[in-house]
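Here is a short tour of a structure with two chains in focus. Keep the view open as you read, and look up each part when it is named.

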Amino acid sequence: MPTRGTIPVAQGDLLGTLRRLLSLLLEQNVVDAVLVPVATPDGRNLVPTLVRDPERLVAADPVAPVMPIQSARVVSQLTFTEPTQRIAAVLKACEWRATVELTKLRQVNLDRVLTIGVDCYGTFGVLDYGAMAAETPDLTMRLLEEVHPTEGFRWPNRELRTACRICEHFVPQGVDVRLEWIGADVREAIGIELQEKHAALAERLGVQEGDLLGREEAIARLREARLERRDQAFAAFRQQVRTREGLLSLFSACLRCHNCTVTCPICYCRECIFRTPTFDHASEQYLKWAGRRGAVRMPTDTLLFQITRLNHMVASCVGCGVCEDGCPNDIPLTVIFRAIGQEVQALFHYEAGRSLEEELPLAVFREDELHVVER
Amino acid sequence: MPEAFEPRIVAFLCNWCTYTGADLAGTSRIQYPPNIRIIRLMCSGAVDPVYVLKALLDGADGVLIGGCHPGDCHYQSGNYKARRRVAILQSVLRQLGLEEDRVWLRWISASEGRRFAETVTEMVQYLKEKGPNPMRGEWAI
(Lines give C-alpha, C1' and ligand atoms only; values in the text may rest on other atoms or scores of the structure.)
Protein backbone atom coordinates (compact mmCIF):
# COMPACT_ATOMS: atom_id res chain seq x y z
CA MET A 1 0.00 0.00 0.00
CA PRO A 2 1.30 3.46 -0.85
CA THR A 3 1.66 6.02 1.93
CA ARG A 4 -0.53 9.09 1.55
CA GLY A 5 -0.14 12.35 3.39
CA THR A 6 0.31 16.07 3.08
CA ILE A 7 3.17 18.52 3.17
CA PRO A 8 2.40 21.86 4.81
CA VAL A 9 3.24 24.91 2.71
CA ALA A 10 5.47 27.20 4.80
CA GLN A 11 4.39 30.88 4.83
CA GLY A 12 2.12 30.27 1.85
CA ASP A 13 5.21 29.84 -0.34
CA LEU A 14 4.52 26.74 -2.46
CA LEU A 15 7.59 26.98 -4.69
CA GLY A 16 9.80 27.57 -1.66
CA THR A 17 8.33 24.46 -0.04
CA LEU A 18 8.91 22.37 -3.16
CA ARG A 19 12.50 23.61 -3.47
CA ARG A 20 13.05 22.80 0.19
CA LEU A 21 11.71 19.29 -0.41
CA LEU A 22 14.09 18.67 -3.32
CA SER A 23 16.93 20.20 -1.40
CA LEU A 24 16.27 17.75 1.47
CA LEU A 25 16.78 14.88 -0.95
CA LEU A 26 20.25 16.19 -1.75
CA GLU A 27 21.20 17.21 1.80
CA GLN A 28 20.06 13.95 3.33
CA ASN A 29 21.93 12.05 0.65
CA VAL A 30 18.83 10.29 -0.64
CA VAL A 31 20.04 11.08 -4.16
CA ASP A 32 23.19 12.60 -5.66
CA ALA A 33 21.42 14.87 -8.13
CA VAL A 34 17.96 16.18 -8.94
CA LEU A 35 16.58 16.63 -12.45
CA VAL A 36 14.01 19.41 -12.30
CA PRO A 37 12.76 22.31 -14.47
CA VAL A 38 14.72 25.45 -13.61
CA ALA A 39 13.96 28.92 -14.95
CA THR A 40 16.47 30.28 -17.45
CA PRO A 41 18.18 33.53 -16.35
CA ASP A 42 15.76 35.65 -18.41
CA GLY A 43 12.82 33.92 -16.70
CA ARG A 44 11.06 33.27 -19.99
CA ASN A 45 11.54 29.51 -20.10
CA LEU A 46 12.19 26.55 -17.85
CA VAL A 47 14.56 23.80 -18.88
CA PRO A 48 15.22 20.38 -17.38
CA THR A 49 18.27 20.93 -15.22
CA LEU A 50 20.49 18.46 -13.40
CA VAL A 51 21.16 20.00 -10.00
CA ARG A 52 23.75 18.86 -7.45
CA ASP A 53 24.22 22.07 -5.47
CA PRO A 54 21.02 22.69 -3.44
CA GLU A 55 21.53 26.43 -3.83
CA ARG A 56 20.92 26.04 -7.54
CA LEU A 57 17.34 25.03 -6.77
CA VAL A 58 16.49 28.68 -6.15
CA ALA A 59 14.84 29.02 -9.57
CA ALA A 60 13.46 25.47 -9.75
CA ASP A 61 9.73 25.24 -10.47
CA PRO A 62 8.06 21.84 -10.89
CA VAL A 63 4.64 23.47 -11.42
CA ALA A 64 5.41 25.95 -14.20
CA PRO A 65 3.31 25.26 -17.30
CA VAL A 66 5.96 24.88 -19.96
CA MET A 67 7.71 21.85 -21.45
CA PRO A 68 10.32 22.96 -23.99
CA ILE A 69 11.62 19.41 -24.29
CA GLN A 70 10.38 16.07 -23.06
CA SER A 71 12.36 15.15 -19.95
CA ALA A 72 12.05 11.44 -20.76
CA ARG A 73 14.76 12.06 -23.35
CA VAL A 74 16.95 13.53 -20.65
CA VAL A 75 16.30 10.62 -18.29
CA SER A 76 17.45 8.35 -21.11
CA GLN A 77 20.62 10.37 -21.58
CA LEU A 78 21.28 10.30 -17.83
CA THR A 79 20.74 6.58 -17.32
CA PHE A 80 21.49 4.91 -20.64
CA THR A 81 25.00 3.82 -19.67
CA GLU A 82 23.97 2.94 -16.11
CA PRO A 83 25.63 5.54 -13.90
CA THR A 84 26.59 4.60 -10.34
CA GLN A 85 25.01 7.70 -8.81
CA ARG A 86 21.39 8.22 -7.86
CA ILE A 87 19.09 10.75 -9.48
CA ALA A 88 15.68 12.11 -8.52
CA ALA A 89 13.73 13.01 -11.66
CA VAL A 90 10.81 15.43 -11.41
CA LEU A 91 8.44 14.54 -14.23
CA LYS A 92 5.10 15.69 -15.56
CA ALA A 93 2.65 12.86 -16.22
CA CYS A 94 3.42 12.58 -19.95
CA GLU A 95 7.16 12.73 -19.26
CA TRP A 96 6.76 9.85 -16.84
CA ARG A 97 4.66 7.87 -19.32
CA ALA A 98 7.28 8.37 -22.04
CA THR A 99 9.90 7.28 -19.50
CA VAL A 100 7.91 4.08 -18.97
CA GLU A 101 7.95 3.38 -22.71
CA LEU A 102 11.67 4.16 -22.97
CA THR A 103 12.38 1.85 -20.04
CA LYS A 104 10.65 -0.99 -21.85
CA LEU A 105 12.56 -0.05 -25.01
CA ARG A 106 15.77 -0.39 -22.94
CA GLN A 107 16.64 3.28 -23.39
CA VAL A 108 16.16 4.18 -19.73
CA ASN A 109 17.44 2.38 -16.66
CA LEU A 110 15.39 3.21 -13.58
CA ASP A 111 17.54 1.25 -11.12
CA ARG A 112 19.04 4.36 -9.54
CA VAL A 113 16.28 6.81 -10.30
CA LEU A 114 13.76 8.14 -7.80
CA THR A 115 10.84 9.19 -9.97
CA ILE A 116 8.87 12.15 -8.66
CA GLY A 117 5.69 12.65 -10.65
CA VAL A 118 3.80 15.91 -10.42
CA ASP A 119 0.19 16.87 -11.11
CA CYS A 120 -0.10 18.81 -14.36
CA TYR A 121 -2.72 21.44 -15.13
CA GLY A 122 -1.40 21.75 -18.68
CA THR A 123 1.40 23.60 -20.44
CA PHE A 124 1.64 26.54 -22.84
CA GLY A 125 3.89 26.78 -25.87
CA VAL A 126 7.38 28.09 -25.07
CA LEU A 127 6.80 31.46 -26.76
CA ASP A 128 3.41 31.88 -25.08
CA TYR A 129 4.94 31.06 -21.73
CA GLY A 130 7.81 33.46 -22.32
CA ALA A 131 5.43 36.32 -23.08
CA MET A 132 3.27 35.52 -20.06
CA ALA A 133 6.28 35.24 -17.73
CA ALA A 134 7.78 38.50 -19.00
CA GLU A 135 4.76 40.50 -17.90
CA THR A 136 3.81 38.55 -14.79
CA PRO A 137 6.08 38.08 -11.82
CA ASP A 138 5.04 35.07 -9.76
CA LEU A 139 3.28 33.60 -12.80
CA THR A 140 3.04 30.07 -11.39
CA MET A 141 1.17 31.18 -8.27
CA ARG A 142 -1.12 33.43 -10.30
CA LEU A 143 -2.02 30.50 -12.54
CA LEU A 144 -2.61 28.19 -9.59
CA GLU A 145 -4.91 30.72 -7.96
CA GLU A 146 -6.94 31.04 -11.13
CA VAL A 147 -7.12 27.37 -12.04
CA HIS A 148 -10.31 26.53 -13.89
CA PRO A 149 -12.09 23.32 -12.82
CA THR A 150 -12.72 22.04 -16.36
CA GLU A 151 -9.78 23.58 -18.21
CA GLY A 152 -6.85 23.58 -15.81
CA PHE A 153 -4.43 26.46 -16.27
CA ARG A 154 -5.94 29.38 -18.11
CA TRP A 155 -4.64 32.74 -19.33
CA PRO A 156 -6.29 35.53 -21.32
CA ASN A 157 -5.64 35.27 -25.07
CA ARG A 158 -3.44 32.20 -24.64
CA GLU A 159 -4.35 28.57 -25.12
CA LEU A 160 -2.86 25.47 -23.57
CA ARG A 161 -0.99 23.22 -25.99
CA THR A 162 -3.34 20.94 -27.95
CA ALA A 163 -1.92 17.88 -26.22
CA CYS A 164 -2.79 19.33 -22.80
CA ARG A 165 -6.28 20.47 -23.75
CA ILE A 166 -7.19 16.89 -24.63
CA CYS A 167 -5.08 15.12 -21.97
CA GLU A 168 -6.85 12.86 -19.50
CA HIS A 169 -3.59 11.50 -18.01
CA PHE A 170 -2.61 14.58 -16.03
CA VAL A 171 -2.03 12.68 -12.76
CA PRO A 172 1.05 10.44 -12.99
CA GLN A 173 0.45 6.81 -11.99
CA GLY A 174 3.07 4.39 -10.72
CA VAL A 175 5.81 6.91 -9.90
CA ASP A 176 7.91 6.45 -6.74
CA VAL A 177 6.68 9.72 -5.26
CA ARG A 178 3.80 11.88 -6.43
CA LEU A 179 3.41 15.55 -5.53
CA GLU A 180 -0.18 16.69 -5.75
CA TRP A 181 -1.77 20.11 -6.07
CA ILE A 182 -5.03 19.24 -7.78
CA GLY A 183 -7.71 19.67 -5.14
CA ALA A 184 -5.27 21.38 -2.74
CA ASP A 185 -5.28 24.82 -1.18
CA VAL A 186 -1.78 25.55 -2.41
CA ARG A 187 -1.13 28.24 0.20
CA GLU A 188 -1.81 25.69 2.94
CA ALA A 189 -0.69 22.19 2.01
CA ILE A 190 -0.07 19.88 -0.94
CA GLY A 191 -0.59 16.15 -1.14
CA ILE A 192 2.06 13.47 -1.45
CA GLU A 193 1.92 9.76 -2.20
CA LEU A 194 4.89 7.44 -1.72
CA GLN A 195 5.19 3.90 -3.00
CA GLU A 196 5.58 1.30 -0.30
CA LYS A 197 9.30 0.81 -0.93
CA HIS A 198 9.86 4.53 -0.32
CA ALA A 199 7.66 4.79 2.78
CA ALA A 200 10.72 5.56 4.89
CA LEU A 201 11.11 8.86 3.04
CA ALA A 202 7.88 10.15 4.58
CA GLU A 203 9.49 11.04 7.88
CA ARG A 204 12.59 12.56 6.30
CA LEU A 205 10.49 14.77 4.04
CA GLY A 206 8.19 15.90 6.88
CA VAL A 207 5.06 14.25 5.53
CA GLN A 208 2.04 14.73 7.77
CA GLU A 209 -0.99 12.54 8.11
CA GLY A 210 -4.05 13.58 6.17
CA ASP A 211 -5.33 13.81 2.66
CA LEU A 212 -6.56 16.42 0.23
CA LEU A 213 -10.30 16.76 0.55
CA GLY A 214 -12.02 17.15 -2.77
CA ARG A 215 -9.04 15.89 -4.78
CA GLU A 216 -10.85 12.94 -6.36
CA GLU A 217 -13.76 15.13 -7.34
CA ALA A 218 -11.52 17.81 -8.85
CA ILE A 219 -9.66 15.18 -10.86
CA ALA A 220 -12.88 13.59 -12.10
CA ARG A 221 -14.29 16.92 -13.19
CA LEU A 222 -11.19 17.95 -15.12
CA ARG A 223 -10.83 14.51 -16.67
CA GLU A 224 -14.40 14.45 -17.88
CA ALA A 225 -14.02 17.81 -19.62
CA ARG A 226 -10.70 16.79 -21.15
CA LEU A 227 -12.17 13.52 -22.45
CA GLU A 228 -15.03 15.37 -24.04
CA ARG A 229 -12.61 17.73 -25.80
CA ARG A 230 -10.45 14.77 -26.81
CA ASP A 231 -13.34 12.91 -28.38
CA GLN A 232 -14.41 16.03 -30.29
CA ALA A 233 -10.88 16.39 -31.64
CA PHE A 234 -10.80 12.72 -32.66
CA ALA A 235 -14.16 13.06 -34.43
CA ALA A 236 -12.99 16.13 -36.35
CA PHE A 237 -9.86 14.26 -37.43
CA ARG A 238 -11.85 11.24 -38.59
CA GLN A 239 -14.18 13.53 -40.52
CA GLN A 240 -11.24 15.15 -42.30
CA VAL A 241 -9.67 11.89 -43.49
CA ARG A 242 -12.92 10.59 -44.90
CA THR A 243 -11.74 11.86 -48.28
CA ARG A 244 -8.35 11.38 -49.88
CA GLU A 245 -8.14 15.15 -50.42
CA GLY A 246 -8.64 15.58 -46.67
CA LEU A 247 -5.88 13.12 -45.90
CA LEU A 248 -3.44 14.71 -48.31
CA SER A 249 -4.17 18.20 -47.03
CA LEU A 250 -3.49 17.01 -43.48
CA PHE A 251 0.13 16.35 -44.38
CA SER A 252 0.61 18.70 -47.33
CA ALA A 253 2.65 21.18 -45.27
CA CYS A 254 5.27 18.56 -44.35
CA LEU A 255 8.81 19.65 -45.23
CA ARG A 256 10.41 16.39 -44.19
CA CYS A 257 12.53 18.39 -41.77
CA HIS A 258 12.21 15.47 -39.34
CA ASN A 259 11.75 17.79 -36.36
CA CYS A 260 8.93 15.55 -35.15
CA THR A 261 11.34 12.63 -34.87
CA VAL A 262 13.94 14.80 -33.17
CA THR A 263 11.54 16.07 -30.51
CA CYS A 264 9.62 12.80 -29.98
CA PRO A 265 10.86 11.14 -26.79
CA ILE A 266 10.08 7.62 -28.01
CA CYS A 267 11.60 7.91 -31.50
CA TYR A 268 15.02 6.85 -30.30
CA CYS A 269 16.76 5.08 -33.22
CA ARG A 270 20.35 6.26 -33.53
CA GLU A 271 20.10 5.83 -37.27
CA CYS A 272 16.72 6.63 -38.79
CA ILE A 273 15.98 5.11 -42.17
CA PHE A 274 14.81 8.51 -43.39
CA ARG A 275 18.24 9.94 -42.58
CA THR A 276 19.97 7.34 -44.72
CA PRO A 277 20.25 7.19 -48.51
CA THR A 278 17.68 4.34 -48.62
CA PHE A 279 15.16 6.47 -50.48
CA ASP A 280 17.65 8.48 -52.52
CA HIS A 281 17.44 7.49 -56.14
CA ALA A 282 19.39 8.11 -59.31
CA SER A 283 18.47 11.54 -60.73
CA GLU A 284 17.07 9.92 -63.85
CA GLN A 285 14.58 7.98 -61.69
CA TYR A 286 12.76 11.14 -60.54
CA LEU A 287 12.34 12.20 -64.16
CA LYS A 288 10.94 8.79 -64.94
CA TRP A 289 8.40 9.07 -62.13
CA ALA A 290 7.44 12.56 -63.21
CA GLY A 291 6.87 11.12 -66.68
CA ARG A 292 4.69 8.32 -65.37
CA ARG A 293 2.50 10.48 -63.13
CA GLY A 294 2.77 13.70 -65.11
CA ALA A 295 4.38 15.42 -62.13
CA VAL A 296 6.02 14.48 -58.88
CA ARG A 297 6.34 16.42 -55.65
CA MET A 298 9.92 17.10 -54.57
CA PRO A 299 11.45 16.09 -52.31
CA THR A 300 9.57 12.81 -52.64
CA ASP A 301 8.20 10.58 -49.91
CA THR A 302 6.70 13.10 -47.49
CA LEU A 303 3.56 11.02 -47.02
CA LEU A 304 5.70 7.88 -46.82
CA PHE A 305 7.64 9.50 -44.01
CA GLN A 306 4.52 10.49 -42.07
CA ILE A 307 2.68 7.18 -42.40
CA THR A 308 5.84 5.20 -41.61
CA ARG A 309 6.40 7.27 -38.49
CA LEU A 310 2.82 6.52 -37.50
CA ASN A 311 3.44 2.81 -37.94
CA HIS A 312 6.67 2.91 -35.99
CA MET A 313 5.47 5.08 -33.10
CA VAL A 314 1.72 4.80 -32.47
CA ALA A 315 1.89 1.71 -30.33
CA SER A 316 4.09 3.59 -27.83
CA CYS A 317 2.76 7.13 -28.33
CA VAL A 318 1.87 8.76 -25.02
CA GLY A 319 0.33 11.84 -26.66
CA CYS A 320 2.68 14.45 -25.17
CA GLY A 321 2.46 16.45 -28.39
CA VAL A 322 6.08 17.63 -28.59
CA CYS A 323 6.12 16.43 -32.22
CA GLU A 324 3.59 19.14 -32.98
CA ASP A 325 5.64 21.71 -31.07
CA GLY A 326 8.57 20.78 -33.28
CA CYS A 327 6.60 21.05 -36.52
CA PRO A 328 7.33 24.38 -38.22
CA ASN A 329 4.11 24.13 -40.22
CA ASP A 330 1.64 23.16 -37.50
CA ILE A 331 0.65 19.73 -38.81
CA PRO A 332 -1.85 18.54 -36.15
CA LEU A 333 0.30 15.58 -35.20
CA THR A 334 -0.97 15.33 -31.63
CA VAL A 335 -4.53 14.49 -32.58
CA ILE A 336 -3.46 12.30 -35.52
CA PHE A 337 -1.19 10.19 -33.33
CA ARG A 338 -3.56 10.06 -30.38
CA ALA A 339 -6.61 9.12 -32.45
CA ILE A 340 -4.82 6.44 -34.45
CA GLY A 341 -2.85 5.30 -31.41
CA GLN A 342 -5.99 4.72 -29.37
CA GLU A 343 -7.25 2.13 -31.84
CA VAL A 344 -3.87 0.52 -32.46
CA GLN A 345 -3.08 0.20 -28.75
CA ALA A 346 -6.54 -1.26 -28.14
CA LEU A 347 -5.72 -4.05 -30.61
CA PHE A 348 -3.21 -5.31 -28.08
CA HIS A 349 -5.11 -4.26 -24.92
CA TYR A 350 -2.17 -1.95 -24.40
CA GLU A 351 -1.94 1.63 -23.20
CA ALA A 352 1.37 3.38 -23.75
CA GLY A 353 2.93 4.59 -20.52
CA ARG A 354 0.43 2.86 -18.25
CA SER A 355 2.68 0.28 -16.70
CA LEU A 356 6.24 -0.99 -16.67
CA GLU A 357 4.93 -4.56 -16.59
CA GLU A 358 2.74 -4.49 -19.71
CA GLU A 359 4.88 -5.72 -22.58
CA LEU A 360 5.43 -3.65 -25.70
CA PRO A 361 3.07 -4.78 -28.48
CA LEU A 362 5.90 -5.38 -30.92
CA ALA A 363 8.12 -7.20 -28.45
CA VAL A 364 5.71 -10.06 -27.77
CA PHE A 365 2.97 -12.05 -29.50
CA ARG A 366 0.33 -14.65 -28.79
CA GLU A 367 -0.01 -17.73 -30.92
CA ASP A 368 -3.76 -17.44 -31.13
CA GLU A 369 -4.61 -13.85 -32.08
CA LEU A 370 -5.25 -11.42 -34.93
CA HIS A 371 -6.40 -14.07 -37.39
CA VAL A 372 -8.42 -11.33 -39.00
CA VAL A 373 -5.28 -9.99 -40.71
CA GLU A 374 -4.41 -13.36 -42.26
CA ARG A 375 -5.75 -13.93 -45.76
CA MET B 1 -10.33 0.01 -76.70
CA PRO B 2 -8.56 0.74 -73.39
CA GLU B 3 -6.15 -1.88 -72.18
CA ALA B 4 -7.57 -4.19 -69.52
CA PHE B 5 -6.42 -3.36 -65.99
CA GLU B 6 -3.58 -5.63 -64.93
CA PRO B 7 -2.84 -5.22 -61.22
CA ARG B 8 0.77 -4.97 -60.10
CA ILE B 9 1.61 -6.83 -56.93
CA VAL B 10 4.79 -6.46 -54.90
CA ALA B 11 5.46 -9.57 -52.81
CA PHE B 12 7.74 -9.82 -49.78
CA LEU B 13 8.39 -13.52 -49.29
CA CYS B 14 10.35 -15.25 -46.58
CA ASN B 15 13.36 -17.23 -47.72
CA TRP B 16 12.47 -20.45 -45.92
CA CYS B 17 8.82 -21.04 -46.74
CA THR B 18 6.92 -18.84 -49.17
CA TYR B 19 9.82 -18.04 -51.50
CA THR B 20 10.68 -21.73 -51.65
CA GLY B 21 6.98 -22.43 -52.26
CA ALA B 22 7.06 -19.96 -55.17
CA ASP B 23 10.15 -21.73 -56.45
CA LEU B 24 8.32 -25.05 -56.23
CA ALA B 25 5.40 -23.61 -58.20
CA GLY B 26 7.91 -22.75 -60.93
CA THR B 27 9.79 -26.02 -60.98
CA SER B 28 6.46 -27.87 -60.92
CA ARG B 29 5.37 -25.76 -63.91
CA ILE B 30 2.21 -24.58 -62.19
CA GLN B 31 0.80 -21.61 -64.09
CA TYR B 32 -0.03 -18.36 -62.30
CA PRO B 33 -0.53 -14.79 -63.50
CA PRO B 34 2.64 -12.76 -64.17
CA ASN B 35 1.40 -9.76 -62.15
CA ILE B 36 3.67 -10.35 -59.21
CA ARG B 37 7.17 -8.97 -58.48
CA ILE B 38 8.87 -10.95 -55.76
CA ILE B 39 11.33 -9.62 -53.21
CA ARG B 40 12.97 -12.28 -51.07
CA LEU B 41 13.67 -11.60 -47.40
CA MET B 42 15.04 -13.87 -44.73
CA CYS B 43 11.82 -13.66 -42.69
CA SER B 44 8.34 -12.15 -42.88
CA GLY B 45 9.20 -10.62 -39.50
CA ALA B 46 11.80 -8.49 -41.30
CA VAL B 47 9.19 -6.70 -43.41
CA ASP B 48 9.25 -3.16 -42.07
CA PRO B 49 6.03 -1.32 -42.89
CA VAL B 50 8.07 1.35 -44.65
CA TYR B 51 8.66 -0.98 -47.61
CA VAL B 52 5.00 -1.96 -47.87
CA LEU B 53 4.02 1.70 -47.74
CA LYS B 54 6.64 2.67 -50.30
CA ALA B 55 5.16 0.14 -52.72
CA LEU B 56 1.57 1.25 -52.07
CA LEU B 57 2.28 4.98 -52.28
CA ASP B 58 4.29 4.49 -55.46
CA GLY B 59 1.24 2.88 -57.00
CA ALA B 60 1.46 -0.89 -56.48
CA ASP B 61 -2.08 -2.28 -56.54
CA GLY B 62 -1.38 -4.87 -53.89
CA VAL B 63 1.30 -6.05 -51.50
CA LEU B 64 1.60 -9.70 -50.52
CA ILE B 65 3.58 -10.69 -47.45
CA GLY B 66 4.29 -14.41 -47.34
CA GLY B 67 5.61 -16.28 -44.34
CA CYS B 68 5.82 -19.73 -42.79
CA HIS B 69 2.74 -21.23 -41.18
CA PRO B 70 2.35 -20.42 -37.45
CA GLY B 71 4.71 -22.62 -35.50
CA ASP B 72 6.96 -23.25 -38.51
CA CYS B 73 9.03 -20.04 -38.54
CA HIS B 74 12.70 -20.75 -39.15
CA TYR B 75 13.43 -18.15 -36.47
CA GLN B 76 10.71 -19.42 -34.10
CA SER B 77 8.48 -16.36 -33.96
CA GLY B 78 9.18 -13.99 -36.86
CA ASN B 79 5.86 -14.71 -38.53
CA TYR B 80 3.90 -14.00 -35.32
CA LYS B 81 5.69 -10.66 -35.09
CA ALA B 82 4.94 -9.99 -38.75
CA ARG B 83 1.27 -10.57 -37.97
CA ARG B 84 1.37 -7.86 -35.26
CA ARG B 85 3.15 -5.46 -37.62
CA VAL B 86 0.56 -6.08 -40.33
CA ALA B 87 -2.26 -5.58 -37.82
CA ILE B 88 -0.84 -2.14 -36.95
CA LEU B 89 -0.26 -1.30 -40.61
CA GLN B 90 -3.79 -2.25 -41.62
CA SER B 91 -5.27 -0.29 -38.72
CA VAL B 92 -3.25 2.83 -39.60
CA LEU B 93 -4.19 2.56 -43.28
CA ARG B 94 -7.87 2.06 -42.49
CA GLN B 95 -7.94 5.00 -40.09
CA LEU B 96 -6.37 7.25 -42.72
CA GLY B 97 -9.00 6.21 -45.26
CA LEU B 98 -6.50 4.16 -47.28
CA GLU B 99 -7.37 0.68 -48.51
CA GLU B 100 -5.96 -1.83 -46.06
CA ASP B 101 -7.28 -4.76 -48.10
CA ARG B 102 -4.51 -4.16 -50.64
CA VAL B 103 -2.13 -5.66 -48.07
CA TRP B 104 -2.35 -9.43 -47.76
CA LEU B 105 -0.57 -11.60 -45.23
CA ARG B 106 -0.60 -15.30 -46.09
CA TRP B 107 1.14 -18.35 -44.73
CA ILE B 108 2.52 -20.56 -47.51
CA SER B 109 4.99 -23.36 -46.80
CA ALA B 110 7.89 -24.55 -48.94
CA SER B 111 5.84 -27.55 -50.09
CA GLU B 112 2.80 -25.50 -51.08
CA GLY B 113 3.67 -24.53 -54.64
CA ARG B 114 0.08 -24.94 -55.64
CA ARG B 115 -1.16 -22.77 -52.78
CA PHE B 116 1.29 -20.06 -53.86
CA ALA B 117 0.01 -20.14 -57.43
CA GLU B 118 -3.60 -20.09 -56.20
CA THR B 119 -2.83 -17.16 -53.91
CA VAL B 120 -1.46 -15.09 -56.77
CA THR B 121 -4.44 -16.00 -58.95
CA GLU B 122 -6.87 -15.13 -56.17
CA MET B 123 -5.17 -11.84 -55.36
CA VAL B 124 -5.01 -10.75 -59.00
CA GLN B 125 -8.72 -11.54 -59.38
CA TYR B 126 -9.54 -9.62 -56.18
CA LEU B 127 -7.55 -6.57 -57.26
CA LYS B 128 -9.04 -6.62 -60.76
CA GLU B 129 -12.49 -6.37 -59.21
CA LYS B 130 -11.30 -3.69 -56.80
CA GLY B 131 -9.64 -1.57 -59.47
CA PRO B 132 -6.34 0.30 -59.64
CA ASN B 133 -4.68 1.85 -56.59
CA PRO B 134 -5.88 5.47 -56.50
CA MET B 135 -2.55 6.60 -55.07
CA ARG B 136 -0.99 5.92 -58.46
CA GLY B 137 -2.62 9.07 -59.78
CA GLU B 138 -1.55 11.32 -56.90
CA TRP B 139 1.51 13.43 -57.58
CA ALA B 140 1.69 15.50 -54.37
CA ILE B 141 2.46 12.82 -51.84
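## The sheet of chain A

A:L35 has A:A89 of β4(A) as its bridge partner. The model is predicted, so keep that in mind throughout. The two strands here are β2 (residues 33-39) and β4 (residues 87-92) of chain A. They run parallel, and three bridges join them.

Now widen the view. Seven strands of chain A form an open sheet, in the order β1-β7-β6-β5-β4-β2-β3. The pairing is mixed. Which strands stand at the edges? They are β1 (3-8) and β3 (46-51) of chain A. Each has a single partner strand, so one side of each is left without a neighbour in the sheet. From one strand to the next, the twist averages 25°.

A helix packs on this sheet: α1 (residues 14-27) of chain A. It touches β1, β2 and β4 of chain A. The direction of α1(A) makes about 155° with that of β2(A).

## Where the chains meet

How many residues of chain B are in contact with chain A? The count is 31 residues of chain B, against 33 residues of chain A. On the chain B side, α2 (49-57), α3 (78-95) and β4 (103-107) each supply at least two residues. The largest share comes from α3(B), with 13 residues. By class, this side of chain B has 19 nonpolar, five polar and seven charged residues.

## A helix pair across the interface

Look next at α12 (residues 302-313) of chain A and α2(B). They pack at an angle of about 145°, and their axes are 9 Å apart. The crossing is right-handed.

From α12(A), the contact uses A:L303, A:L304, A:I307, A:T308 and A:N311. From α2(B) come B:P49, B:V50, B:L53, B:K54 and B:L57. These residues divide into seven nonpolar, two polar and one charged.

Most residues other than glycine have a negative phi, and most peptide bonds are trans. Chain A has exceptions. The peptide bond from A:M298 to A:P299 is cis, with omega near -15°. A:P299 lies in the loop between α11 (283-293) and α12 of chain A.

A:R256 is not a glycine, yet has a positive phi of about 55°. Its loop runs between α9 (244-251) and α10 (259-263) of chain A. A:R256 counts as partly exposed because it has 13 C-beta neighbours inside 10 Å.

A:D330 also has a positive phi of about 55° without being a glycine. It sits in the loop between α13 (322-326) and α14 (333-347) of chain A. Is A:D330 buried or exposed? With 10 C-beta neighbours inside 10 Å, A:D330 counts as exposed; the cut-off for exposed is 12 or fewer.

Note on methods:
Residues are numbered from 1 along each chain as its sequence is written. Chains are lettered from A and ligands numbered from 1 in the order in which they are written. This is a predicted model: local features need pLDDT of at least 70, side-chain atom pairs count only at pLDDT 80 or more; totals for chains, interfaces and linings use all residues. Two residues are in contact if their C-beta atoms, placed from the backbone, lie within 7 Å. Helices (H or I, at least four residues) and strands (E, at least two) are DSSP runs, numbered from the N terminus. Ala, Val, Leu, Ile, Met, Phe, Trp, Tyr, Cys and Pro count as nonpolar, Asp, Glu, Lys and Arg as charged, and the others, Gly among them, as polar. Axes are lines fitted to C-alpha atoms, for helices over the stretch in contact, and angles run from 0 to 180 degrees between N-to-C directions. A crossing is left-handed if the near helix is turned anticlockwise from the far one by less than a right angle, and right-handed if clockwise. Two strands pair if DSSP finds at least two bridges between them. A residue is buried if 20 or more other C-beta atoms lie within 10 Å of its own, exposed if 12 or fewer, and partly exposed in between; C-beta atoms are placed from the backbone.
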